[in-house]
Structures are given as C-alpha cells and as structure tokens.
Amino acid sequence: MITVQKLTKHYRDTKRGTIRAAQDISFEAHPGEVVGLLGCNGAGKTTTLRMLSTIIQPTSGEASVNGFSILREPEKVRKQIGFLSNSTALYGRLQPVEMLQYFGRLCGMTESQLSSRIEWVLDVLKIRDFQNQLCDKLSTGQKQRVSIARAILHDPPVLFFDEPTAGLDVVTSQTILEFIEEFRAAGKCIIYSTHIMSEIERLCNRVVIIHEGELRATGTAHALKEETNSGSFEEAFLKIVGYNREANIA
C-alpha cells in the first residue's frame, strides 16, 4: 500500500546552512495496519508525512501510495489519502456540515455520495449534537472530530494522522484512539505520527523511529525492546536515539 525508499528533504538556511529535515527514510505500510512514526519534536515526522502527501517535494528518494508515485502522479496520490495534520485549521464561520460539503465537492464527490457520507461521519464521529454550530465556537475535541470527518469523508484507503491527540484531554484522546482502531479494523492503511509511547504501544503494528531527520530503527515495539534489552518501550526508544541521562543532567 505504501512503499518509501530513501526519502530525503533538505532545506537551505542562510545562517545554519543545509538542514537535513529527513534523510534516507525507508519503510513499508500495508492495509489493515498502523505504522507509527515515532520521534521527538522536530525529528522529521511531519516532514515525512508532508512528502508522502505531496504537500512538499522530496530532495531525493521516492515513495508510492496505493501504487501511485508521489513524484510522477501527485494528483492520484491525493485521491488515495486522508490527512489529519496537526496544523490544519477549520473555517471558523462555517458549520461542520458546511465544511464537509465544501471539502467533499473539492474531492469531486457526487451530491448523492456526499450526502450519504456526511450522514455516516456525523453518526460515527458523534458530530450531530454540534453539527449546526459555527466551527469557531467548538471545543478543541469537537474541532478534532470535524477534522477527522473531513479526512475520511471520501473514504480513502490510506490515512495519515499527525499527532491527532495533541492538546486533547484524556477522554477525548481515548475517543480518537478508538476511531483509529476502527479504521484499522476496516482495512485502512494508517501512518500514525506521535511522540507518545503509550499510543504507539496501543495502536501500532510496527514502529519507525526517526531522530534528527534520520531513520534509527524499525520493528514492533516488542522486538525493539528485546533488541535493546529494555524493560519498557520508552527505555528502548531512549537507547535507540542515544539519550544520555548524565549528560543531560550536567
């Protein structure tokens, strides 16, 4: 479903020189599984997702999404994906239903398809109680539900989630994680970017650890614990990224 081969993105900064936001990232993801992109803030997770979703072009490397090249067929790639970005905003003066109608039409859905899918997402994401409120008036959790509805409205086979629980309370985060488990059970291929260890262990079939723009490890959480002789996945992650407690205390 997703094949990533040495995907690389460099930026040029007048003061800092070349910034290697992502360097030779390679992994695969398949239908019915969640692959976690794990890393500290600034590790390169969002850059990788933006390349895969064709928002930015890679400096080098290649990737395919559901058989389509991100370099040669970006428009076809966009039709295969739903992307929940941690920086995507809603139109504040629109209601959730109006938001969904707008984006559904941008995706080229027919009016009958759109009507049916809107009814479905309103129910499955429990949006009906606030469907007619302005997006500006919604809580953070309600806005996140509308953002997820927008991402899945056209029923894409591939879903990208970029830190979907950031800033949410425990109850709302639990609801979001349950939605993602349902999407996986429905056969979606999901890339899940986060820095929260418990979410990785709960959701992800495999983990891709990125640190300072580089791929550091791939595998299941259990396998990575065994490989690093760690008692917890958090300990395994810290070893993989080279965290030195004494150096940080000093």
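Is Tyr-91 buried, exposed or partly exposed? Tyr-91 has 43% relative accessibility, so it counts as partly exposed (buried is under 20% relative accessible area, exposed over 50%, partly exposed in between, with a 1.4 Å probe and protein chains only).

This is a predicted model, where local features need pLDDT of at least 70, side-chain atom pairs count only at pLDDT 80 or more, and totals for chains, interfaces and linings use all residues. Residues are numbered from 1 along each chain as its sequence is written, and side-chain values use heavy atoms, with hydrogens and water left out.

**View 1. Tyr-91, Tyr-102 and Phe-103 make one aromatic cluster.** Rings of Phe, Tyr and Trp (its six-membered ring) pair if their centres lie within 6.5 Å; planes under 30 degrees apart are stacked, over 60 edge-to-face, the rest tilted. Tyr-91 and Tyr-102 have ring centres 5.9 Å apart and planes at 80 degrees, so they meet edge-to-face. Tyr-102 also pairs edge-to-face with Phe-103, at 5.2 Å centre to centre and 80 degrees between the planes.

**View 2. Arg-150 lies over the face of Phe-103.** Look for it 4.8 Å from the ring centre (the rule wants NZ of Lys or CZ of Arg within 6 Å of that centre and within 35 degrees of the ring normal). Phe-103 itself is partly exposed, at 21% relative accessible area.

**View 3. Phe-233 sits in the largest nonpolar core.** Such a core is a set of buried Ala, Val, Leu, Ile, Met, Phe, Trp, Tyr and Cys residues joined through side-chain atoms within 4.5 Å.
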